[in-house]
Amino acid sequence: MFVKSYDEGNFLILLLYVDAMLVVGQDTKKIASLKKELGKLFAMKDLGPIKHILGMHIVHDRTKKVLWLLQEKYVTKILERFNMSKEKPVGSTLATNYKLNARHCPKGEKDKTEMRKVSYALAVSSLMYAMIYTRPNIAFAVGMVSRYMSNPSREHRPAAKWILRYLKGTSKVCLRYGFGKPMLEGFTDSDMSGDVDSSRSTSRYVMTYARGAVSWQSRLQKVVALSTTKEKYMVVIEAGKELICMTNFLKELGMKQETFLLHCDNESAIHLAKNVVYHSRTKHIPKKASLVTREDR
């Protein structure tokens, strides 16, 4: 991503992914000038206003200043690839009866060879692609099945298929932007020792700007949390770093973002995070980064 700011408050953003390029800006003349200069250096084809990129379909209502991102065609494509088009849709990302663990992984070479013929890793990779771009709601489930990509078992396959069935029933679900105040807000959650194999918790957060999801993550914590306070505090740390990074990006665009909201559902973790001056283990959190609960606002 390349950013060019101008004195009058305008900016240009150029997004480049291999041979796909997207230019975003407020001044059409500056956009045209940039494309003209790039055309002198590279063989380019101008496809006009963006509608599709990297498997995403973009719908832009300029009169209402609202934008939607969805991957309906991509979901249909992967369902056909794995012969799941006629399967019955489900209403949850992962069934509660799926207790995945490493004990199910095949031990013998014969079983491993047999499982290599199954396209488990390809299916999980396809789910990851949807998760990264437009589907934060499957991040936790995809994180669960991705832990066994190197050595999957017959017990792990139904879980991956379940997520595909969920996508079939929610293929039209999309991200919507442009219907809220320009404010950064983060929401955090975690599960205490949710991973059966390592007893580590999974940190989960989603960041919104103007009430639209712009960043999300679901990842195993690096250490075993011995209490819910530490477990929640670690996800607040990761979410806080992401919000600070996004705040710096907004400043680069000339958009002031002096404060942000970060939500946590654990009172002990909230008090610990607020104690950024005296606590020896919170020195990496800037003093200006405040944690605000609904009661504090």
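**Around leucine 100**

A: Leaving aside residues up to four places away in sequence, leucine 100 touches Met144, Val145, Tyr148, Glu155, His156, Ala159 and Val196, where touching means heavy atoms within 4.5 Å. This is a predicted model, in which local features need pLDDT of at least 70 and side-chain atom pairs pLDDT 80 or more, while totals for chains, interfaces and linings use all residues. Residues are numbered from 1 along each chain as its sequence is written, and side-chain values use heavy atoms, without hydrogens or water.

Leu100 is among the residues with the most contacts inside the largest nonpolar core, together with Leu94, Tyr98, Val145, Ile163 and Leu164; this core has 32 residues. A nonpolar core is a set of buried Ala, Val, Leu, Ile, Met, Phe, Trp, Tyr and Cys residues joined through side-chain atoms within 4.5 Å. Buried means under 20% relative accessible area, and exposed over 50% (1.4 Å probe, protein chains only). At least two residues each come from α2, α4, α5 (139–146) and α6, with α6 giving the most, 7 residues. Helices here are DSSP runs of H or I, at least four residues, numbered from the N terminus.

Now for α2 (residues 72–81): its buried residues are Tyr74, Val75, Ile78 and Leu79. They lie on the same side of α2 because they cover an arc of only 135 degrees around the axis, taken from the directions from the helix axis to the C-beta atoms. Their cover includes α4 (120–133) and α6 (157–169). Exposed Lys73, Lys77 and Glu80 sit on the face turned away from that buried side.
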